[in-house]
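Visitor: I'd like to learn how to read a structure like this one. Could you walk me through a few features?

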Amino acid sequence: MRRPLVAGNWKMNGTRASVAELIEALRLQDFPAGVEVAVFPSSLHLTQVVSGLQGRAIAVGAQDCAAEAGFGALTGEESASQLVDAGASWVLVGHSERRLIMGESDEVVSKKFVAALACGMTPALCLGETLEQRQAGQTLEVVGRQLASVLAGAGVAAFEKAVVAYEPVWAIGTGLTATPQQAQEVHAAIREQLAREDRRIADGVRILYGGSVKAENAAELFEMQDIDGGLIGGASLKANDFGAICRAA
Ligand code: PEP
């Protein structure tokens, strides 16, 4: 049995004051014991969120990490080693905003995944196609290539300590959600690709769906066989909505 996971990506949002309010509101939420919950604030707010959520079963993660672990001359970067020191136990890797806006290649994403694992963090590997790629019938090929790159760099055993998030780019922040069937098709393909290397690991890995998940559409997505929870952007900034999504998992 795969334990459902709901993760909130706060992106480049929040001030210390608004983050303090969100922490207080999250502390009041009723999260189901069977669901794992994690939030990913900006790294500026990591220590604030870690200490603010102490005593609550909510893990805290970073939204990105450097491709190299450790310390050194890399101005503006934050390594997994530093993020662990700040209290983060999870990290998003390969979010489409980083792939497409910051130009992160499959190879860099794979290195970040390896660096995170080397520091004991759990990476959430984000995969997804653009609208043009979907319209051209290339969804499974694109997602398959993104996954293959990390499989080549990290090996299938790494997926015992990682999760995957399928996030169609056209659904992120747009209000357009993949239908449960569209998402399930890709989730099943991701699991099958992992199963070709190791069936037991593939059966155990959690594959989250992300892309305009809201309290109203979460349950029908989470009902699908290969959807093991969600990566939530906009709706994770509202504690009541995020709580409702967690209760739907
Ligand atoms: C995301 O950025 O990971 C995401 C899923 O965003 P949203 O829920 O706002 O579409």
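Guide: Let's start in a loop: serine 212 is found between β7 (207-210) and α10 (218-222). Those labels are DSSP runs, helices (H or I, at least four residues) and strands (E, at least two), numbered from the N terminus. Bear in mind that this is a predicted model, where local features need pLDDT of at least 70, side-chain atom pairs count only at pLDDT 80 or more, and totals for chains, interfaces and linings use all residues. Residues are numbered from 1 along each chain as its sequence is written.

Visitor: Is serine 212 buried or exposed?

Guide: The idea is to count neighbours: a residue is buried if 20 or more other C-beta atoms lie within 10 Å of its own, exposed if 12 or fewer, and partly exposed in between, with C-beta atoms placed from the backbone. Serine 212 counts as buried because it has 20 C-beta neighbours inside 10 Å. Its phi is positive, about 55°, although it is not a glycine.

Visitor: What is phi like at lysine 11?

Guide: Near 55°, a positive value in a residue other than glycine. Lysine 11 sits in the loop between β1 (5-9) and α1 (16-27). It has 18 other C-beta atoms within 10 Å, so lysine 11 is partly exposed.

Visitor: Which residues are closest to the ligand?

Guide: Here, near means that a residue's C-beta atom, placed from the backbone, lies within 6 Å of the molecule. The ligand is surrounded by 13 residues, and the closest are Ile172, Gly210, Ser212, Gly233 and Gly234.

Visitor: What do the buried residues of α5 pack against?

Guide: They pack against α3 (80-85), β4 (90-93), β5 (122-127) and α7 (139-154). Among those buried residues are Val109, Phe113 and Leu117.

Visitor: Which residues does valine 37 touch?

Guide: Two residues are in contact if their C-beta atoms, placed from the backbone, lie within 7 Å. Leaving out residues up to four places away in sequence, valine 37 touches Val6, Phe31, Ala57, Ile58 and Cys246. Valine 37 belongs to strand β2, and Cys246 is one of the buried residues in helix α11 (residues 239-248).
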